[in-house]
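Have the viewer open as you read.

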Amino acid sequence: MARERRTGTILKGIGGFYYVASGGTVVECKAGGRLRLGDRPPLAGDHVDIEISDGGDGFIVVIRPRKNALVRPPVANVDQIIIVASEAPPVTDPYLIDKVTVIALQQGIEPVIVFNKTDLACSGKLERAYKLAGFPVIRASAVTGEGCAEIAALLADKVTCFTGNSGVGKSSLLRRVTGLDLSVGAISGRIGRGKNTTRHVELLALPGGGFAADTPGFSSFEVRQMERISKEDLQHFFPEMEPLFGQCRFAGCAHIKEPDCAVRALVSAGGMAQSRYDSYMKLYVELRPIIEWE
Ligand SMILES: Nc1nc2c(ncn2[C@@H]2O[C@H](COP(=O)(O)OP(=O)(O)OP(=O)(O)O)[C@@H](O)[C@H]2O)c(=O)[nH]1
Ligand SMILES: [Mg+2]
Ligand SMILES: [Zn+2]
């Protein structure tokens, strides 16, 4: 029956069809019955085996094991998340950056923080906070092109999600870096819709290899993702705390108000940004305790 069997990467799923990048083309596929009805439906970013029938119809027959999967935006096999932030309006709330870095690290995804709109504002304050934490930081401007070569180099052969509060310049940067016309998109013409909708993820096949998703704002990183993290695990997703483990007076120190806490001493000494520590405390209160009554 099958004319041809191939492998590929799902760019987008919409209305029961999946658009699979395979060998330089995009094949419109349906999911085989078992996959469609299973509790793990195909996601953008999935590596799949497809079969193309004599009539030219594509079917996804196998989803390869995922190295990770984000809930919202729904995308699998993500290598890095580029968090776009800005000190010019709309100014980014550092708590939102910290929430995304925690989710990324928990999923084994490398976070990169890009401070955009440096042509308008760039105090360097937030930049220092993230350098202290050990994250890669890039200064950029979609207007002057600052940082764009660096971002382009990061994208090659990887799957990257761009996130950040609305208006921060995600689409502008992606357009400048890749040269792609994002308002049209590689496959949206075929689907017959205009711009990306916020409810769907579309991976763009990049001219230099790799894929990128222009995901909607931070709000799309739903709390559901955080539910898998316990209070006690949270400290492991703040890399600047790591060297201090075992140095607090109490073995089970939560680094909140215990005496002789090495983490709080680090914050006082300027080795951890106050904004990062504030985020830790805020998240600590929000997360569930490690004891679960299930
Ligand atoms: N001055 C300046 N303006 C920028 C820069 N980057 C983007 N802008 C402007 O900021 C506005 C928002 O940019 P977008 O690229 O649409 O922002 P976005 O993050 O994609 O926003 P959403 O799609 O709503 O999440 C536009 O008017 C851009 O022209 C920059 O580096 N410098
Ligand atoms: Mg946008
Ligand atoms: Zn402590």
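Which residues of helix 5 are buried? They are Lys170, Leu173, Leu174, Arg176, Val177 and Thr178. Keep in mind that this is a predicted model.

**Around helix 5**

Helix 5 spans residues 170–178. The cover over its buried residues includes helix 4 together with strand 8 (80–86), strand 9 (110–116), strand 11 (159–163) and strand 13 (211–214). Just past the end of helix 5, Gly179 adopts a positive phi of about 75°.

Helix 4 brings Cys148, Ile151, Ala152 and Leu155 to the contact, while helix 5 brings Leu173, Arg176 and Val177. By class, this contact has six nonpolar residues, one charged residue and no polar ones.

**The ligand shell**

Helix 5 also matters for the view around ligand 1: with three residues, helix 5 gives the most to the shell. In total, 17 residues surround ligand 1, and the closest are Ala142, Gly169, Lys170, Ser171 and Ser172. Here is how the shell divides by class:

| Class of residue | Residues in the shell around ligand 1 |
|---|---|
| Nonpolar | five residues |
| Polar | nine residues |

**The protein as a whole**

Stepping back, the protein has nine helices and 13 strands. Of its 294 residues, 36% are buried. Among contacts with a separation of 6 or more, 67% are between residues 24 or more positions apart.

The largest nonpolar core holds 65 residues, and those touching the most other members are Val75, Ile83, Ala85, Val114, Leu203 and Ala212. In soluble globular proteins, nonpolar side chains tend to be buried together. Leaving aside neighbours within four places in sequence, Leu203 is in contact with Leu11, Lys12, Ala44, Gly45, Val159, Phe211, Ala212 and Ala213.

**One residue in helix 2**

Finally, find Ala104 in helix 2 (residues 94–106). Why does Ala104 count as buried? Ala104 counts as buried because 25 C-beta neighbours lie inside 10 Å, and the cut-off is 20 or more. Leaving aside neighbours within four places in sequence, Ala104 is in contact with Ile81, Ile109 and Pro111. The C-alpha atoms of Ala104 and Phe237 are separated by 8.8 Å, although the two residues are 133 residues apart along the chain.

Notes. Residues numbered from 1 in each chain as written. Chains lettered and ligands numbered in written order. Predicted model: local features only at pLDDT ≥ 70, side-chain atom pairs only at ≥ 80, totals over all residues. Near = placed C-beta within 6 Å. Helix = DSSP H or I, 4+ residues; strand = E, 2+ residues; numbered from the N terminus. Nonpolar A, V, L, I, M, F, W, Y, C, P; charged D, E, K, R; others polar. Contact = placed C-beta atoms within 7 Å. Buried ≥ 20, exposed ≤ 12 C-beta atoms within 10 Å, placed from the backbone. Core = buried A, V, L, I, M, F, W, Y, C linked by C-beta atoms within 7 Å.
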